[in-house]
Amino acid sequence: MTTAPDTKTAPASRASLVRSLALRWDTAVGVLLVAVLVVGLGSTDGFGSSENLAFAFNDIAEVAIIALPMTLLVVAGQVDLSVASMLGLGSALTGALWEAGWAFETIVPVVLLVGVAGGLLNGWLVTRVGLPSLAVTIGTLALYRGLASVALGSDAVTDFPQTYADWAVDTTTVPGTFLTYPVLLFIVLAAVTAVVLHATGLGRSLFAIGAQEEAAYFAGIRVKRIKLLLFVVTGLFSAFAGVIFTLRYGSARADNGLGFEMLVIASVLLGGIDFDGGKGTLFGAVAGVLLIGVLKNLLTLNDIANEVQVIVTGLLLVASVLTPRVIATVVERRHRRAANTPAPQST
Amino acid sequence: MNQSAPDPAPVLALKGVSKSFGAVRALQDVSLQLFPGEAHALAGENGAGKSTLIKALAGVHRPDSGEVLLDGEPVVFHGPADARDAGIAVIYQEPTLFPDLSIAENIFMGRQPRRALGRIDRKAVHATTAGLMRRLGVDLSPDRPARGLSIADQQIVEIAKALSFDARVLIMDEPTAALTGSETARLFSVVQTLRAEGAAVLFISHRLDEIFELCQRVTTLRDGRWISSEPLEELTEDDLVRRMVGRDLDDLYPKQEAEVGEVALSVHRLTREGVFRDVSFDVRRGEIVALAGLVGAGRTEVAQAVFGVDRADAGEVKVGGTVLRPGSPTAAMAAGLALVPEDRRQRGLVMDLSIERNIGLTGLDEVRKRGLVSRALEHDRAADWAVRLQLKYNRLADSVGVLSGGNQQKVVLAKWLATGPAVLIVDEPTRGIDVGTKAEVHRLLSSLAADGLAVLMISSDLPEVIGMADRVLVMHEGRLVAEIPRASATEESVMAAATGRNERAAA
């Protein structure tokens with residue numbers, strides 16, 4: 001065994017330390033989620049009712065659904081800030097086409113296609129033109145929201161048929177549970193995403209790309225194709241989230257979901273997905289998004305103002321990014337102090 | 001100033017130093033004396049304790065027992081800053097400069113001379129830096145940004161920085177690992193200048209020829225113990241290797257005769273504008289073909305174009321008779337090509353991932369069970385190759401970054417050999433790895449060739465080229481200029497072709 005410490009191992013062992021903490025971090029968020037649920041049940045009347053739980057989780061269904069492909073993107077070292085705008089574009093198109101007399105069965109595939117096209121544009125700019133995803137998607141964030149306004153102006157379309165709206169609202173649940181259909185869809189998609197990330201070659205590739213893109217490329221991984229695919233899936237999910245949002249509120253507007261991208265990214269980071277890429281678990285991301293949803297609901301039930309909720313979300317996010325690093329630093333410092341303490345000796 | 005004869009009083013010494021990390025005894029009763037005006041080599045395999053010794057001298061580690069003596073007086077360094085103030089400077093293999101600052105700003109980072117109102121005295125910074133560069137005999141403008149400097153130039157900046165602290169002891173940890181021949185020659189002349197000024201230099205290198213060229217004395221460590229300190233004049237390379245590995249290394253270049261079969265890799269008029277032009281060659285089954293040349297001659301670029309990570313502008317690559325789709329590593333792999341890249345840490349491995357995931361990365365389709373990646377299969381694949389290549393590790397789930405350089409290289413080899421390639425391209429396969437592992441890698445390449453693998457080996461290590469290759473292809477400024485059969489390959493003939501003239505290179 002080459003166990004003798006040498007210069008080259010120091011940074012690497014620190015990296016593995018950070019990673020092992022990150023792995024524990026997702027468990028910590030899961031534990032925190034359970035704790036918040038328990039505290040909520042004990043302290044807040046009506047929190048535990050199935051009507052409220054159905055409402056609480058349905059209320060974050062779109063954020064949760066978009067958080068799934070976002071997790072894959074962030075693991076691969078990318079980000080998509082245009083998701084909420086694509087949600088808005090999906091919603092506006094749904095409204096505009098419905099107003100124009102299209103059948104709902106035709107509208108949905110068209111909206112999904114637009115989501116794919118938006119994802120292709122993001123992916124194309126990132127992989128072919130070689131721009132950083134942060135810059136590209138800040139641009140398309142504005143672009144897609146602008147297109148949404150072009151599609152629907154400042155109108156709201158509200159006369160959607162009850163049959164479709166019923167599918168999305170929180171008063172319709174899967175019989176015998178508090179799960180709404182959008183939440184059920186999220187659960188299915190989350191299961192699929194978890195398998196993709198943690199048990200397929202594609203998932204393995206994502207971690208490699210996020211940790212060291214060049215090495216992944218040199219190992220024959222089709223880095224560009226995979227990134228493009230991720231952006232397309234993210235666009236697709238975001239557009240579909242736009243349809244859900246429209247039906248849930250019974251209202252198609254160009255400014256639907258404004259600012260949701262921050263909520264999505266906050267959930268993912270809160271769940272321990274490293275913004276630098278290469279680290280994280282889907283369990284953590286799901287726990288992160290549920291935690292944000294439950295907290296939001298608890299704060300609302302306790303009549304705490306929306307502004308405060310935003311502050312709480314922000315603090316949580318900062319804490320989630322900071323805590324693992326602080327712990328790692330403290331642990332490392334303690335190690336170093338132990339290493340430098342001279343053994344007892346007679347002088 | 002002290003000239004050549006070692007002063008009787010060592011400027012810096014270790015006496016009976018021991019240091020343990022948990023149960024690991026990194027240093028046991030090690031002594032070392034550094035005299036003014038000498039270049040002293042520190043030899044030993046990876047894990048012998050060289051790095052720990054350097055850190056004890058540099059104030060990073062405090063010894064558990066034993067003493068550090070400065071000018072004969074016991075001292076205790078409470079941190080690297082103490083050691084620096086005592087005139088001890090460490091130059092690492094990969095310097096860490098601020099890329100956006102100029103050379104002068106880097107040298108005076110955090111202690112810039114001030115003028116009135118606390119403004120930085122740029123003139124003084126510039127002039128002092130220019131003076132340091134003159135003293136080192138190096139032509140580098142103080143205003144040049146650190147970004148874009150070669151590693152060699154960055155090291156010079158670090159040395160200048162050390163001099164600006166009035167360093168009397170310079171510790172150089174594998175400074176030549178990433179340097180070209182002429183850069184090494186310049187570094188050595190800088191070291192000679194420092195010696196002439198009375199500085200003591202502790203030099204660490206895996207290249208024995210460099211130790212013999214630069215140093216007067218050598219201290220050898222093995223398994224954390226002091227083995228010997230002696231003048232190099234009285235030693236041969238074989239003696240030194242024996243002290244390092246504790247046994248006779250039967251053969252550093254164990255080239256087996258292999259039966260040469262049909263053409264496995266055929267490169268025809270491959271061109272990448274401005275990089276290389278009209279490169280054509282074949283590699284047959286059972287052959288080890290070396291691609292030699294100076295750094296910058298385009299060897300790595302040819303390998304990368306053959307493998308498809310870079311796109312060639314013209315020409316074609318055939319593996320086993322089929323023409324490869326250009327610009328596609330995936331197609332190259334499917335055809336049986338494997339590339340072990342030069343830059344292990346950036347390109348060869350994903351440093352944050354575990355050993356088994358790194359080895360699994362090239363065979364994501366093969367470690368599947370019912371469509372999903374099987375951790376068991378992934379583990380088995382890695383375990384199998386770890387045994388075959390005698391990898392030294394704790395657990396396969398450990399991050400590959402904790403391994404020594406030699407073992408990291410074995411992981412890269414494992415990752416590619418696991419794909420069952422027909423053609424293996426290795427780019428600087430033994431750079432920066434210790435002599436014992438080096439011999440293992442050579443034995444491996446040789447036996448792979450004997451089993452019918454076609455090997456293309458890029459190497460700047462001439463003894464390795466001469467010792468291992470059946471044929472030597474030589475590149476010069478982007479062109480293939482010579483093909484030398486094993487029988488007539490000598491360091492002189494290869495170097496003559498590589499420099500494009502009939503003279504030996506500076507190194």
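**Figure 1. Chain B contains 17 helices and 22 strands.** The model shown here and in the following views is predicted. The C-alpha trace of chain B spans about 70 × 50 × 50 Å along its principal axes. When contacts in chain B between residues at least 6 apart in sequence are taken, 68% of them join residues at least 24 apart.

**Figure 2. Chain B is divided into three parts: domain 1 (12-97 + 149-245), domain 2 (250-336 + 421-507) and domain 3 (355-415).** The centres of domain 2 and domain 3 of chain B, taken over C-alpha atoms, are separated by 26 Å. Where these domains touch, domain 2 of chain B supplies 8 residues and domain 3 of chain B supplies 6 residues. On the domain 2 side of this contact in chain B, 4 residues are nonpolar, 2 are polar and 2 are charged.

**Figure 3. Strand β13 (residues 288-293) of chain B is largely enclosed by the rest of the structure, because 6 of its 6 residues are buried.** On one side of β13(B) lie B:I288, B:A290 and B:A292, and on the other lie B:V289, B:L291 and B:G293; both faces are covered. Strand β20 (residues 454-458) of chain B runs parallel to β13(B) and is joined to it by 4 bridges. Within this pairing, B:I288 has B:V455 of β20(B) as its bridge partner. β13(B) also pairs in the parallel sense with strand β21 (residues 471-476) of chain B, over 5 bridges. Here the bridge partner of B:A290 is B:V472 in β21(B).

**Figure 4. Helix α15 (residues 435-450) of chain B has a span of 22 Å between its end C-alpha atoms.** This agrees with the 22 Å that its 16 residues should span at 1.5 Å a residue. The buried residues of α15(B) include B:V435, B:K438, B:V441, B:H442 and B:L445. B:T437, B:S446, B:L448 and B:A449 of the helix are buried as well. An α-helix has 3.6 residues a turn, so residues three or four places apart point the same way. Cover for the buried residues of α15(B) comes from elements of chain B including the helices α8 (237-245), α14 (405-417) and α16 (462-468). The strands β13, β19 (423-427) and β20 of chain B also contribute to this cover. After α15(B) comes B:G452, which has a positive phi, near 105 degrees.

**Figure 5. Four strands of chain B form an open sheet in the order β12-β11-β14-β15, with antiparallel pairing.** At the edges stand β12 (276-284) and β15 (322-323) of chain B; each has a single partner strand, so one side of each is left without a neighbour in the sheet. Strands β11 (residues 263-272) and β14 (residues 314-319) of chain B pair in the antiparallel sense over 5 bridges. In this pair, B:S266 stands opposite B:K318 of β14(B).

**Figure 6. B:S374 sits in the loop between β18 (372-373) and α13 (375-388) of chain B.** Leaving aside residues up to four places away in sequence, B:S374 touches B:V367, B:R368 and B:K369. B:G315 is 59 residues from B:S374 in sequence, and their C-alpha atoms are 40 Å apart in space.

**Figure 7. Chain A has 14 helices and 0 strands.** Of its 347 residues, 48% count as buried. Contacts between residues 24 or more positions apart account for 79% of the contacts in chain A with a separation of 6 or more. Helix α11 (residues 223-249) of chain A has 27 residues and reaches 39 Å from its first C-alpha to its last. That length is close to the 39 Å expected at 1.5 Å a residue. α11(A) is mostly covered, with 21 of its 27 residues buried. A:G250, with a positive phi near 60 degrees, follows α11(A).

Definitions and conventions: Residues are numbered from 1 along each chain as its sequence is written. Chains are lettered from A and ligands numbered from 1 in the order in which they are written. This is a predicted model: local features need pLDDT of at least 70, side-chain atom pairs count only at pLDDT 80 or more; totals for chains, interfaces and linings use all residues. Helices (H or I, at least four residues) and strands (E, at least two) are DSSP runs, numbered from the N terminus. Two residues are in contact if their C-beta atoms, placed from the backbone, lie within 7 Å. The expected span of a helix is 1.5 Å times one less than its number of residues. A residue is buried if 20 or more other C-beta atoms lie within 10 Å of its own, exposed if 12 or fewer, and partly exposed in between; C-beta atoms are placed from the backbone. Domain bounds come from an automatic or database domain assignment. Ala, Val, Leu, Ile, Met, Phe, Trp, Tyr, Cys and Pro count as nonpolar, Asp, Glu, Lys and Arg as charged, and the others, Gly among them, as polar. Two strands pair if DSSP finds at least two bridges between them.
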